[in-house]
Amino acid sequence: MRTLNVAMIGGGFMGKAHSIAYAGMPMFFWPAPAIPYRKTVVDINDDMARTAAARYGFESYSSDWRSVIEDPTIDIIDIVTPNDSHADIAIAAAKAGKHIICEKPLARTAEESKRMWEAVREAGVKHMVAFNYRRTPAIALAKKYIEEGALGAILSFRGTYLQDWSADPNSPLSWRFRKAIAGSGALGDIGTHVIDIARYLVGEIAEVMATANTWIKERPVQAGGVDKLGTVKLGGEVKKEAVDVDDEISSLLRFENGAVGSLEATRNAWGRNNFITFEIHGEKGSVYFNYERRDELQVCFSSDPGDRRGFRTVYTGPAHPYGEALWPIPALGIGYTETKIIEAHDFIASIVNDTEVSPNFYDGYRIAVIADAMIESANTRQWVKTI
Ligand code: SOE
């Protein structure tokens, strides 16, 4: 069986998720398309790189990302760093002929994302952007129903991504609240997941009209270190600095195929944790999904007899997308890890079989165009076209 050597750049939370995915992928998908070998992990902090190598099972570590790009034994560059370094690393990796998987959002802006897409296209390498949630079996099942025509023509999409980890004003000002590093706030971090799901299920987004708000104008500064996603609070005399990104985005959507929709994303919604939801209405039925109950897809078909019509629950399992590879009984429990394992599988299969995988850097670029248009619309209070 072929082995592909992985160099992962970034040793934080997302590095953990990707490492588990490489280790677990052959356990779910057998025979595996290839075995991903965890060769080198890179972090600019030498201590973190050493710890990540030991903890995440990498053969070696480094604090210099350029050294792994120059290393001829590396097949895959995996980018799990903050957003401001994605473009430099990905463009250098493409020029060196490496296949690339990059965490979301692809970059800070559409302009950066476009340069990344052009670089991978010119190099002819495989590329993927890690919008993992579309690989939740229940979301892939919604896609199957839509493609089979079970919902008829799609009329509307209502999507949300609500969290509360930054609702406390004492949650520190990590890189996620700095425009220069993150590009945008809740929009880029989590709203882009909903854009990905909307494009995947309904189609290309043609026009947006948005509002953006920054509820907490300044936050205590986190001095270096890993972003702890609000689990650490910095109160008292700690220095504060201004937040220059959105805490919340709300947008109306018009799709190229005539469907309409809405998107809301915030990290300030007390009581909501990973509340990714969508409800889709078609001419012949509806589906509803909530990631906090991610084994379930709620469905309602107009063909159901009138006295039985209503939403019912399909629990995903072996009969559904990815079901044969996952667990043998419906509702045993799909998690974040499983979505990352499926993502790693589909990326590695695209390398081995020389096929295109989605979402790729083109999708990442399109998502960035739509996100930038939402910010423009929030500033101008006008509809903004995205194609
Ligand atoms: C923080 O909001 C975050 O870690 C996002 O960056 C991830 O993409 C999301 O899946 C979980 O929440």
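Biologist: Why is K144 called partly exposed?

Modeller: In this predicted model, K144 has a relative accessible area of 35%.

Biologist: What makes K144 and E148 a salt bridge?

Modeller: The closest N and O atoms of K144 and E148 are 3.1 Å apart. The cut-off is a side-chain nitrogen of Lys or Arg within 4 Å of a carboxyl oxygen of Asp or Glu, so the pair qualifies.

Biologist: Where do K144 and E148 lie along helix 6?

Modeller: Helix 6 spans residues 137-148, and the two are four residues apart in that helix, so about one helical turn separates them.

Biologist: Is E148 buried or exposed, and how do you know?

Modeller: E148 has 52% relative accessibility. Exposed requires over 50%, so E148 counts as exposed.

Biologist: How do you know that R108 forms a salt bridge with E112?

Modeller: Their closest N and O atoms are 2.5 Å apart, and the limit is within 4 Å, so the pair is counted.

Biologist: Which accessibility classes do R108 and E112 fall into, and why?

Modeller: R108 has a relative accessible area of 27%, so it is partly exposed. E112 stands at 7%; buried means under 20%, so E112 is buried.

Biologist: What makes R308 and D307 a salt bridge?

Modeller: Their side chains meet at 3.5 Å, N to O. With a cut-off of within 4 Å, the contact therefore counts. Both R308 and D307 are exposed.

Biologist: How many salt bridges does the search of the whole structure find?

Modeller: It finds 27. A network of salt bridges links K104, R176, D189, D227 and R267.

Biologist: What lines the largest cavity?

Modeller: Its lining has 14 residues, with T316, G317, L326, W327 and I334 nearest the centre. By class there are nine nonpolar, four polar and one charged. The volume is about 90 Å³, and the search finds three cavities of 30 Å³ or more.

Definitions and conventions. Residues numbered from 1 in each chain as written. Predicted model: local features only at pLDDT ≥ 70, side-chain atom pairs only at ≥ 80, totals over all residues. Heavy atoms only, no water. 1 Å grid on protein atoms, 1.4 Å probe; cavity = no way out; pocket = protein on both sides within 12 Å on 5 of 7 lines; lining within 4 Å. Points joined across faces, edges and corners; volume = space filled by probe spheres on them. Nonpolar A, V, L, I, M, F, W, Y, C, P; charged D, E, K, R; others polar. Buried < 20%, exposed > 50% of the residue type's maximum accessible area, 1.4 Å probe, protein only.
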